[in-house]
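Biologist: Can you walk me through this one? I'd like the fold first, then the charges.

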Amino acid sequence: SALSAVAARLEATPMSVALAWLLRRSPNILLIPGTSSTAHLRQNIAGAGLSLSHEDLTELDDISR
């Protein structure tokens, strides 16, 4: 999938990329990701720090079309 492809290019987890994508889609989106472990917490934090290129965003936006 596009999410996995972008994650592989960025050497990140798909969950981190999904969080980064959603954070950049709109300033009106408020994400409240849950976590059940410190590993998930680390993924959530990593997502907030990912830089997605215009090409990455376009590829991910195509998922919802």
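**Fold and charges**

Biologist: What share of the contacts in the protein between residues at least 6 apart in sequence join residues at least 24 apart?

Modeller: 69% of them do. Contact here means heavy atoms within 4.5 Å. Keep in mind that this is a predicted model: local features need pLDDT of at least 70, side-chain atom pairs count only at pLDDT 80 or more, and totals for chains, interfaces and linings use all residues. Residues are numbered from 1 along each chain as its sequence is written, and side-chain values use heavy atoms, with hydrogens and water left out.

Biologist: How many helices and strands are there?

Modeller: Four helices and zero strands. The pattern along the sequence is α-α-α-α. These are DSSP runs, numbered from the N terminus: H or I with at least four residues for helices, E with at least two for strands.

Biologist: What is the radius of gyration?

Modeller: 11 Å, which agrees with the value near 11 Å for a compact globule of 65 residues. The radius is taken over C-alpha atoms, and the globule rule is 2.2 Å times the number of residues to the power 0.38. Along the principal axes, the C-alpha atoms fill a box of roughly 30 × 30 × 20 Å.

Biologist: And how much of the protein is buried?

Modeller: Buried residues are 23% of the 65. Buried means under 20% relative accessible area, exposed over 50%, partly exposed in between (1.4 Å probe, protein chains only).

Biologist: Switching to charges. How many salt bridges do you count?

Modeller: Two. The rule is a side-chain nitrogen of Lys or Arg within 4 Å of a carboxyl oxygen of Asp or Glu.

Biologist: Which side chain does Asp-56 meet?

Modeller: Arg-9, at 3.0 Å from N to O. Asp-56 lies in helix α4 (residues 54-61) and Arg-9 in helix α1 (residues 2-10), so the pair ties together parts that are 47 residues apart in sequence.

Biologist: Are those two buried or partly exposed?

Modeller: Asp-56 counts as buried, at 5% relative accessibility. Arg-9 is partly exposed, at 48%.

Biologist: What about the bridge between Arg-9 and Glu-59, how far apart are the closest N and O atoms?

Modeller: 2.8 Å. Glu-59 also sits in helix α4, so its pairing with Arg-9 in helix α1 ties together parts 50 residues apart in sequence. Glu-59 is partly exposed, with a relative accessible area of 25%.

Biologist: Which residues end up in one network?

Modeller: Arg-9, Asp-56 and Glu-59, joined by salt bridges that share partners.
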